[in-house]
Amino acid sequence: MSESVVVEGPGRPFAAGIEVPGDKSLSHRAIILSAMATGVSVVRRPATGRDVAATVEIVKALGIEVDGSSFLSPGIDGWNSPAAALDCGNSGTTMRLLAGALSGSGVTASLVGDGFLMRRPMRRLVDPLQALGAKVGLSEEGTAPIDIQGAPQTTAANVEIPLASAQVRTAFSLAATRADGESTVTSPAGFRDHTERWLESMGLGKKESPTTFRIYPGDIPSYEYHIPGDPSSAAFLWAAAAIVPGAHVATPNVSLNPGRIGFLQVLEAMGATVSGEVTGAILGDPVGNVEVKGSPLHGTTVSGALAASALDELPLLAIVASYAEGITTVADAGELRAKESDRIATTVAMVNALGGGAQAREDGFEVLGLGWLDGGIVDADGDHRIAMAGAVAATAATGPVTISGAESVGVSWPRFFEALEALWSSQ
Ligand code: S3P
């Protein structure tokens, strides 16, 4: 059922400190690693949205007992083959990471999802997993269902992946912890390397270069994970502050993995005041506080590894760019077309529906920043990040913004609209 929400910005600067929900990428990894480990693991403060809930339901179907934040597993060698297909909902991370973990288990299973996920490209997973000897079947179009006939021992392999995809690297690495020898994976820079850092901290891998990771086979240990806030959620609050001169937001305890903070570099390059401090780490992966202050902004160019490390935030960047003066160009971001929606098409449609000027490119988009947006109706097209970016546009728009398909925010941040209202009403 499609829900419409009308949002109207505060028309004045605001200042607040807001804690955002747990990081989605880290929550999926913590839950899957807890399921692979033998015994009790604990996942504190996981992400609250439907994507992570799908991962929890699937590990339960594999035989893991879940009680609040505690996961009691017989270990990957004790996983059950589920009777029914495993439903990943809208979550590509659930589907791809579990495809990797299942490849190194004795389980036979089929992974399916909602209408959006069933259209997303999965062929990219097959070559690296097959290199490890896994039996992975897809539809003729290269999409889910993904049928996996796992084997408790995989065959060590050295693979090159042409994409900067953290999901594909993680799928390979999880399956490679079950191999009969050391494996390596090499792929272009810019991806989030949470899995690599965590496996290295667990003694199960080593970063050989910025692009190559070596996986040592071995058992995943049980662990107590404290999940930091999600920078991809915090980004919506950072952007709202960035586009209002004099506004300010502080977000404590968020993941500061270098593959996640490209958007902060872009905001700074556009003229926002950005500060961050690392206060700790989870298994070698940095965590800390971020503050963003709004100032008059100007256009910029985002390409290469920076585009990869800001990829999930690029629809939001198109809104920020509309409030800047001059042209913003996003290139080397063709992967946007393979996300929850075709994010080049949905981003351009969103900006234009709000009275801005955006144009698609083959590998990204261009926004002509005039310094304002009018407001209007944004169709989320089932994509949580489009719904949230559209709402952020209302922060400084001259009229209200209606988000059609607003329920999609529940995929990553069910209480997003409340958090945005709390930010806007702060003084
Ligand atoms: C994710 C990796 C990214 C990102 C996605 C989550 C992950 O996708 O866009 O939202 O948790 O590994 P890629 O695998 O395409 O890099």
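**Backbone, ligand and spaces**

Proline 145 is found in the loop between β8 (135-137) and β9 (146-149), where helices (H or I, at least four residues) and strands (E, at least two) are DSSP runs numbered from the N terminus. This is a predicted model, in which local features need pLDDT of at least 70 and side-chain atom pairs count only at pLDDT 80 or more, while totals for chains, interfaces and linings use all residues. Residues are numbered from 1 along each chain as its sequence is written, and side-chain values use heavy atoms, with hydrogens and water left out.

The peptide bond that leads from alanine 144 into proline 145 is cis, with omega near 5°. Most residues other than glycine have a negative phi, and most peptide bonds are trans.

The ligand is surrounded by Ser25, Arg29, Thr93, Ala164, Ser165, Ala166, Gln167, Arg192, Asp312 and Lys339, a residue being near a molecule if one of its heavy atoms lies within 4 Å of it. By class, this shell holds two nonpolar, four polar and four charged residues, where Ala, Val, Leu, Ile, Met, Phe, Trp, Tyr, Cys and Pro count as nonpolar, Asp, Glu, Lys and Arg as charged, and the others, Gly among them, as polar. Both α1 (24-36) and α5 (166-176) supply at least two residues of the shell.

The space taken by the ligand is the largest pocket, a pocket being, on a 1 Å grid over the protein atoms alone, an open set of points with protein on both sides within 12 Å along at least five of seven lines, and lining residues having an atom within 4 Å of a point. The largest pocket has a volume of about 630 Å³, a volume being the space filled by probe spheres set on the grid points. Its lining has 40 residues, of which Ala164, Ser165, Leu311, Asp312 and Lys339 lie nearest the centre, and the lining divides into 13 nonpolar, 11 polar and 16 charged residues.

The structure also has one cavity of 30 Å³ or more, a cavity being a set of points where a 1.4 Å probe fits but cannot get out. Arg29, Leu33, Thr170, Leu174, Thr195 and Trp198 line the largest cavity, to which α1, α5 and α6 (194-201) each give two or more residues.

Methods:
Sits in = over half its atoms within 2 Å of the grid points.
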